[in-house]
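Student: Could you show me how to read the features of a protein model, one at a time? I would like to hear the general idea and then see the case in question.

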Amino acid sequence: MRAEAKTEALTARTAALTASGSGWLGAARRDAVARLAAMGLPTKRDEYWRYTDPASLTAATPEPAALFDAGDEAPAFDGIDAVKLVFVDGMFDPAQSDDPATAGIEITHLSQAEGVDIHWAREVYGVLEARGQIPVQRPLATLNTAYATQGFLIRATAKAAKPVSFIYHHKSTTSDALLHHCIKMEPGSELTILESGPAAARMTSVMEVEVADGARFHHIRAQGRDHARRAATHVFSRIGAGALFKSFTLTANGCLTRNEQIVELVGNDGVAHVAGAAVGDGTFHHDDTVFMTHEGLRCESRQVFKKVLMNGAVGVFQGKILVKPGAQKTDGYQISQSLLLDGDSQFLAKPELEIYADDVKCSHGSTSGAIDDTALFYLQSRGVPKRVAQSLLVLAFLAEAIGEIEDEAIAEDIRLRLEGWLQRHEH
Amino acid sequence: MLNIKNLHVKLEEEDKVILNGVDLAIGAGEVHAIMGPNGSGKSTLSYVLSGREGYTVTEGSATLEGTELLDMEPEERAAAGLFLAFQYPVEIPGVGNMTFLRTAVNAQRKARGEEELSAGDFLKIVRAKAKTLQIDADMLKRPVNVGFSGGEKKRNEILQMAMLEPRMCILDETDSGLDVDAMKLVAEGVNALRSEGRSFLVITHYQRLLDHIQPDFVHIMAAGRIIKSGGPELALEVENNGYADLLAEAE
Amino acid sequence: MDGVELEVRDGVDRETIETVQAMSGKYKHGWETDVEMDYAPKGLSEDIVRLISAKNEEPQWMLDWRLAAYHRWVKMEEPTWAMVSYPKIDYQDQYYYAKPKSMAVKPKSLDEVDPKLLATYAKLGIPLKEQALLAGVEAPEGERKVAVDAVFDSVSLGTTFKKELAKAGVIFCSISEAVREHPELVKKYIGSVVPPTDNFFATLNSAVFSDGSFVYIPPGVKCPMELSTYFRINAENTGQFERTLIVCDRGAYVSYLEGCTAPKRDIPQLHAAVVEIVILEDAEVKYSTVQNWYPGDENGVGGIYNFVTKRADCREARAKVMWTQVETGSAITWKYPSCILRGDDSQGEFYSIAIANNAQQADTGTKMIHLGKRTKSRIVSKGISAGRAQNTYRGLVSMHPRATDSRNYTQCDSLLIGDKCGAHTVPYIEVKNNSSRVEHEATTSKVDEDQLFYCRSRGMDEEEAVALVVNGFCKDVLQALPMEFAMEAQALVAISLEGSVG
């Protein structure tokens with residue numbers, strides 16, 4: 001029964017899509033189509049979707065999502081000097097974008113990559129995604145590999161002059177975006193990728209990041225404030241010896257967001273930090289799902305996820321640290337916390353450790369509760385108005401996650417956006 | 001008592017030589033002090049003698065009353081009468097100090113083929129010895145070294161020494177982290193244990209501990225070797241002139 | 001004052017070391033008793049269910065209840081979500097009922113029981129004489145009494161201190177006797193905490209349970225002594241399916257202990273038990289288990305497959321339950337003693353030590369279901385993995401929207417000894433109101449080399465040092481056990497880890 005339902009859903013979802021293309025990209029897509037057929041699409045009865053119903057993500061067409069007017073709030077990362085690449089409803093718009101060549105690194109749009117043999121890309125596109133299917137299937141990512149035609153292939157061979165900023169505008173209430181980026185960080189290179197905007201009524205995205213030995217990769221993302229948008233995002237990363245991978249996501253609003261991070265620390269002495277701050281009011285279901293695999297020696301991983309929820313908002317965290325046999329001297333840390341600002345909100349968490357090596361230091365913590373009344377009273381007794389005091393405490397709660405952003409200007413941008421959100425949502 | 005001959009030691013995991021031919025003979029009832037600048041190999045010597053992992057002996061020997069120490073497991077060395085007072089005593093959460101002491105005492109007695117102490121006798125002895133070291137009942141009840149102050153940890157080491165009655169005691173920087181009063185208390189504990197059949201090796205960076213524990217011999221260690229030996233006056237020389245002159249002289 | 005307490009506490013640890021030293025073998029309860037047995041035919045069918053019911057001289061309603069469970073079970077699938085793997089169990093290749101021939105005519109008292117059977121318990125250190133002893137350890141002051149229900153394969157041999165307990169109004173007997181003698185109580189409460197439909201193994205148990213213990217503590221009564229059940233599997237190829245039902249009426253209190261052992265056999269044996277506890281207003285139950293089923297050999301041959309459903313229902317206000325478990329045995333452990341905190345201000349606690357050595361696999365934890373207001377729960381889990389063993393903590397903390405101002409604290413620590421074993425933590429946390437506070441912490445680390453060296457430099461050998469450090473790691477849980485059990489548990493911790501170092 002379940003298998004049939006999964007296949008039926010898949011047929012409906014992909015009816016209007018074609019896995020096109022020739023050469024290596026076409027082959028990779030056809031391979032994904034075959035893998036996807038064996039999986040079908042997820043249902044809420046899958047353990048992996050225990051706390052988030054994927055129905056609206058797997059439906060044949062997206063629920064219409066009203067456009068959002070951000071008023072006078074500046075776009076995210078507006079003040080950051082970056083190579084801006086703009087997408088409208090999931091389609092690249094060169095007219096609004098900077099010339100990719102100015103980034104001083106290799107940037108090729110997926111549509112131009114089909115014919116040419118970009119040798120590094122064939123070792124990344126769909127490859128990291130396929131590796132990330134074990135032990136848990138992520139069919140939405142495979143669907144993306146099979147059918148996405150939009151996205152960039154980026155290769156950094158040295159320290160990039162400035163960040164690459166993907167900006168995703170949402171202009172059609174019924175848009176359904178499939179975005180697929182591949183990033184290859186050659187040994188010793190360094191690059192920051194920024195992502196911002198709601199993208200579409202529904203977005204399904206994959207980013208595959210290969211971080212070679214000694215390379216450094218930073219990813220900071222601000223998901224758009226559109227209330228009705230839905231998104232299923234996946235970042236697959238493979239981290240080499242002495243390499244660094246850092247990813248931070250700010251989520252404010254959006255009716256359904258599922259952010260998956262699948263990280264493999266394959267070299268020795270690698271570092272991977274994934275963090276998220278999510279704030280939601282009302283119809284807001286936010287799911288962070290992280291799978292951190294340690295294979296190399298002496299690697300360090302951190303997962304820091306904080307959620308502030310009110311008026312029936314739901315926060316989900318599923319995070320795992322898997323330490324494979326032989327991955328000695330692993331240092332794994334994971335914290336997931338939620339602040340429930342009223343009685344209607346929910347926090348659902350499954351923080352896991354799976355450890356097959358003995359000389360390791362792994363810990364996780366998870367808490368849920370209301371704002372600390374004593375702290376609130378203390379601030380008020382010192383003359384701070386209640387609303388201000390609350391905002392202060394909320395920002396203090398989120399600080400550890402924001403602290404994972406290395407670039408201070410970007411961190412400040414994120415902080416200001418959070419402050420703005422809190423001011424608008426004081427209760 | 002303790003005879004160290006041409007001891008060469010390197011780190012197990014990297015090719016770094018720490019001890020470079022140490023020779024030292026300690027007779028029964030004698031108190032020797034080893035002084036030396038940081039990184040001279042003093043603490044390594046104490047670890048190698050007590051059998052800590054992570055070191056490889058490449059050459060030489062160390063015998064306790066004629067028996068080779070270096071082939072033994074740490075517990076066998078302890079049963080043979082060797083005791084190391086740690087520079088940083090280890091905390092063991094959940095294990096009561098009393099339990100620890102009794103387990104250790106009886107393990108050693110058993111290893112030597114002696115009768116184990118009865119609970120009552122043990123308690124009496126511990127109480128008496130603890131009192132002289134100003135260790136209260138609460139400290140005995142708490143988990144081993146957990147939440148102890150620096151002085152409490154060191155007094156606890158001396159209490160273990162008093163209970164285990166070793167013949168060869170090594171004190172590794174026992175004065176570190178202690179104020180004068182705490183140091184006096186510890187030194188008194190040690191002095192009370194001095195006897196004809198018991199020898200001491202006091203490892204220290206400063207002379208001040210030796211004001212309270214009078215050594216018979218003083219050795220200066222540098223770069224993994226003993227570069228000079230003498231009487232108590234050598235310690236005063238270090239106190240007054242520092243190590244620089246001695247090091248230069250050895251060159 | 002201090003000295004007295006010191007001596008007692010210290011005595012516990014001392015006992016460990018002495019016991020360890022006294023033991024030369026590994027599993028000390030691996031011998032078997034040679035008695036003639038009556039078996040039901042091999043396999044499971046409606047006829048077998050009827051036969052078990054008939055053997056226990058049950059009323060029709062009990063048989064109907066069993067049959068309903070059986071028909072449901074046939075359609076169920078064995079769960080696969082736990083982190084344990086084992087060859088497929090052939091449910092038709094087992095005996096579901098085995099009873100010593102000498103028990104064919106029910107003995108009127110324990111004095112009439114076959115001396116061979118009594119000797120079995122004596123050898124295990126379980127006193128069936130009415131004296132103040134348990135597990136071979138002398139009780140301090142000689143005052144404590146423990147009543148024992150001795151279950152041997154499918155039947156209860158008898159229960160001690162029945163008369164004395166009856167004076168206090170306490171009912172303590174085998175469940176088969178309770179079905180006959182106290183049908184109104186059994187009918188009212190059986191299946192009310194773990195319904196026959198609950199899960200594959202509980203449903204199986206509901207169909208074929210042969211014996212087990214029944215306890216009823218009347219309102220306001222503090223049970224005058226600790227109650228215990230000692231389970232022994234002896235017959236080969238036979239599953240043990242016991243069912244325990246404890247009802248603690250308003251304002252009452254009872255502490256209940258459970259122990260289990262089995263002979264060494266090359267063929268795994270199935271054990272699927274159900275324990276149900278009903279706790280009414282202001283009542284309190286403490287339930288302690290030392291599970292020492294045969295764990296199989298170093299290569300994972302043989303051992304007990306232990307699939308157990310245990311649940312306590314704090315049905316009314318201010319009810320309290322405390323589960324304490326020391327899980328050292330079994331080849332497979334699948335066990336989640338749970339608390340339903342239904343009454344306002346009710347409390348649940350779960351303290352667990354799970355040790356898996358050699359090829360053992362343990363998947364164990366708890367569920368804390370907060371339904372009432374201001375309910376509190378606390379989970380302390382210590383998992384130790386050694387050899388090639390896999391040890392998983394699995395738990396659920398659920399705060400219902402109605403369970404306002406509630407509180408949970410969870411601490412899960414894992415210790416790894418050796419680089420071939422695994423330690424896993426799978427907690428589920430579901431919070432649906434904001435006035436409740438939930439905190440979960442978990443750590444995983446290896447046994448501390450500095451601590452081991454420190455112990456050894458004071459003269460302890462390596463196994464002694466490991467036993468001491470591991471006992472320290474488990475202290476919070478050991479302290480939650482009744483004294484006699486704490487001693488046995490400490491000794492077990494050491495024995496279970498034999499051969500794990502070096």
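Student: Let us begin with accessibility: does A:Lys324 count as buried or partly exposed?

Tutor: A:Lys324 counts as partly exposed, because its relative accessibility is 32%, and a residue is called buried only under 20%. Please keep in mind that this is a predicted model.

Student: With which residue does A:Lys324 form a salt bridge?

Tutor: The partner of A:Lys324 is A:Glu295, and the closest N and O atoms of the two are 3.6 Å apart. This pair links distant parts of the chain, 29 residues apart, since A:Lys324 sits in the loop between strand S16 (314-323) and strand S17 (331-340) of chain A, while A:Glu295 sits in the loop between strand S14 (285-294) and strand S15 (300-310) of chain A. A:Glu295 is also partly exposed, with a relative accessible area of 34%.

Student: What separates A:Arg415 and A:Glu412 along their helix?

Tutor: They are separated by about one helical turn, because they stand three residues apart in helix H10 (residues 408-424) of chain A. A:Arg415 is partly exposed at 27% relative accessibility, and A:Glu412 is partly exposed at 32%.

Student: Which residue of chain B forms a salt bridge with C:Arg456?

Tutor: That residue is B:Glu73, and here the closest N and O atoms are 2.3 Å apart. The pair crosses between chains, running from C:Arg456 in helix H9 (residues 449-457) of chain C to B:Glu73 in the loop between S5 and helix H2 (74-79) of chain B.

Student: How many salt bridges does the structure hold over all chains?

Tutor: There are 70 of them over all chains. Some residues are linked in a network of salt bridges, namely A:Glu47, A:Arg50, A:Lys320, A:Lys350, A:Glu352, A:Glu354 and C:Glu430.

Student: Let us turn to sheets. In what order do the four strands of the open sheet in chain B stand?

Tutor: As a general idea, the strands of a sheet pair through backbone hydrogen bonds, either parallel or antiparallel. In chain B the order is S2-S1-S4-S5, and the pairing is antiparallel. S2 and strand S5 (67-68) of chain B stand at the edges, each with a single partner strand, so one side of each is left without a neighbour in the sheet.

Student: How many bridges join S1(B) to strand S4 of chain B?

Tutor: Eight bridges join S1(B) to strand S4 (residues 55-64) of chain B, and B:Val9 stands opposite B:Val57 in S4(B). On the S2(B) side, seven bridges join S1(B) to S2(B), with B:Lys10 opposite B:Val17 in S2(B). S1(B) and S2(B) form a hairpin, with five residues between them.

Student: What kind of surface patch do B:Glu12, B:Glu13, B:Glu14 and B:Glu53 form?

Tutor: Together they form a negative surface patch. One of them, B:Glu14, is found in the loop between strand S1 (2-11) and strand S2 (17-26) of chain B, and it is partly exposed, with a relative accessible area of 46%. B:Glu53 lies in the loop between helix H1 (42-50) and S4 of chain B, and with a relative accessible area of 61% it is exposed. Although B:Glu53 and B:Leu11 are 42 residues apart along the chain, their C-alpha atoms are separated by 9.5 Å.

Student: Finally, which backbone angles deserve a second look?

Tutor: In general, most residues other than glycine have a negative phi, and most peptide bonds are trans. Here A:Asp89 has a positive phi, near 50°; it is found in the loop between strand S1 (83-88) and strand S2 (91-92) of chain A, and it counts as buried at 16% relative accessibility. C:Asp345, with a positive phi of about 60°, is in the loop between strand S17 (338-341) and strand S18 (347-356) of chain C, and at 26% relative accessibility it counts as partly exposed.

Student: What kind of peptide bond joins A:Ile134 and A:Pro135?

Tutor: It is a cis peptide bond, with omega about 0°, and A:Pro135 lies in the loop between helix H6 (127-131) and helix H7 (139-147) of chain A.

Definitions and conventions. Residues numbered from 1 in each chain as written. Chains lettered and ligands numbered in written order. Predicted model: local features only at pLDDT ≥ 70, side-chain atom pairs only at ≥ 80, totals over all residues. Heavy atoms only, no water. Patch = residues over 30% accessible without salt bridge, like charges linked within 9 Å, V, L, I, M, F, W, Y side chains within 5 Å. Areas by Shrake-Rupley, 256 points an atom, 1.4 Å probe, with all protein chains shown as cover. Salt bridge = Lys/Arg side-chain N within 4 Å of Asp/Glu carboxyl O. Lys, Arg positive; Asp, Glu negative; His and termini not counted. Charge placed at Lys NZ, Arg CZ, Asp CG, Glu CD. Helix = DSSP H or I, 4+ residues; strand = E, 2+ residues; numbered from the N terminus. Buried < 20%, exposed > 50% of the residue type's maximum accessible area, 1.4 Å probe, protein only. Pairing = 2+ DSSP bridges.
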